[in-house]
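Reader: I would like to learn how to read salt bridges in a protein model, and I would be glad if you took me through them slowly.

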Amino acid sequence: MSETMTFDPDTSNPWIAKAVELRDIFARDAVERDQLGGRPTEQIRLLKQSGLLTIVIPKEFGGAGEPYSTALKIGREFAKVDGSIGHIYGYHFSALIAARLNSDEPRSADLLRRSAAGDWFWGNTGNSFSKTLFGRKDGEWTIVNGFKPFASGSHVADYLSTSWEDEVSGERKFAAIPANREGITVLDDWDGIGQTQTGSGKVAYKDVRIHDSELVRGWVDASLPIRTIGPLQQQSVLLNVFVGTAQGALLAARDYTLNSSRPWMYSGVERHIDDPWIKRQYGELWVKTRAATALADRAAAAIDHAIARGKALTEQERGEAAVAVAAANVLAGDVALEVTTEIFEVMGARSAVRKYGFDRFWRNARIHTLHNPAEYKTRTVGTWYLTGAYPEPGVFR
């Protein structure tokens, strides 16, 4: 089949080629692992072994110096077969991109070097909405208690990015700390209908000591436009998981239709694929998935441009990137939900059994698209189109 038909990436990039190899390995037991949930320990081991965890770290700090779009496309490949791996792989780079944008600061530079040398996998306990983790100063230390929800990747992490509210001032503080720090407990209580291996449940903190030297400054700061692209980076992860899920579902459905589907008794054809109804549905789903892919690539290029501009990034450039990411996110989510639902119609009743695991595509898309409502991203794009006003930087835009 042609690359256009299969949505294959350009494997002239050796990191993309390595990702395709791993994608095929992950596919072997993706259905079983989705149904079991838990920790993708072996998959993380393979990621570390591959070198794919350090690709966006600049070369001077021991990484490959790849543009962020490479990581996004790799996450998309993984999501074709395993939405959980695509998700936590993408989120792994949140702290690394923040450190990369602040690499002129000693703390960030140190984290980049150590992360590259140790092949660290990063988890996140810095949920923006949650005010359930609090700290009190004790000399050069802060004693932190409480919990953080939606802590994706923390169950397999070497290092955590975290945030809490100061008990006295209410100011939000940020730090990067080892995941095995005394007092941290990953509760492994994620019970979502999809993304079953992401570990997106709670992480509890009991008298966890965080030293002043572990605080990170400038990672969340509106003083410069470049300091506000964190949400765009995270939204880019989501939309590429959507695109990869749609692509993977469509490819899996095509394979099943060609090899297993039977024509409907009133169709008047001997082969299912000769039914005009089936042809039209596949045609529409492919066109929509291809369009979502193109918009995702455009958004990835906008993020690359913003990161490359660094501190020179203007508010207008930041706004253009925000609109590009929002637009891509809306279409990607809508297409993922449509494709993962309608594949059952074109495959037939025998496809809807647990052994095939086709339902995982819909479950992953459904739970992930709820992360932030498409309605408000659509309004963001509409406001820009009507008035030229870019979205004000915020948690999800």
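Reader: In which helix do arginine 114 and aspartate 110 both lie, and how many residues apart are they?

Author: This is a predicted model, in which local features need pLDDT of at least 70 and side-chain atom pairs count only at pLDDT 80 or more, while totals for chains, interfaces and linings use all residues. Residues are numbered from 1 along each chain as its sequence is written, and side-chain values use heavy atoms, with hydrogens and water left out. A helix here is a DSSP run (H or I, at least four residues), numbered from the N terminus. Arginine 114 and aspartate 110 both lie in helix α7 (residues 106–118), 4 residues apart, which is about one turn of the helix.

Reader: What joins the side chains of arginine 114 and aspartate 110?

Author: A salt bridge is a side-chain nitrogen of Lys or Arg within 4 Å of a carboxyl oxygen of Asp or Glu. Here the two side chains meet in such a bridge, at 3.3 Å from N to O, and by this rule the count comes to 24 salt bridges.

Reader: Is glutamate 317, which meets arginine 309 in a salt bridge, buried or exposed?

Author: Buried means under 20% relative accessible area, exposed over 50%, and partly exposed in between (1.4 Å probe, protein chains only). Glutamate 317 has a relative accessible area of 17%, so it is buried, whereas arginine 309, at 32%, counts as partly exposed. Their bridge spans 3.0 Å from N to O.

Conventions: Helices (H or I, at least four residues) and strands (E, at least two) are DSSP runs, numbered from the N terminus.
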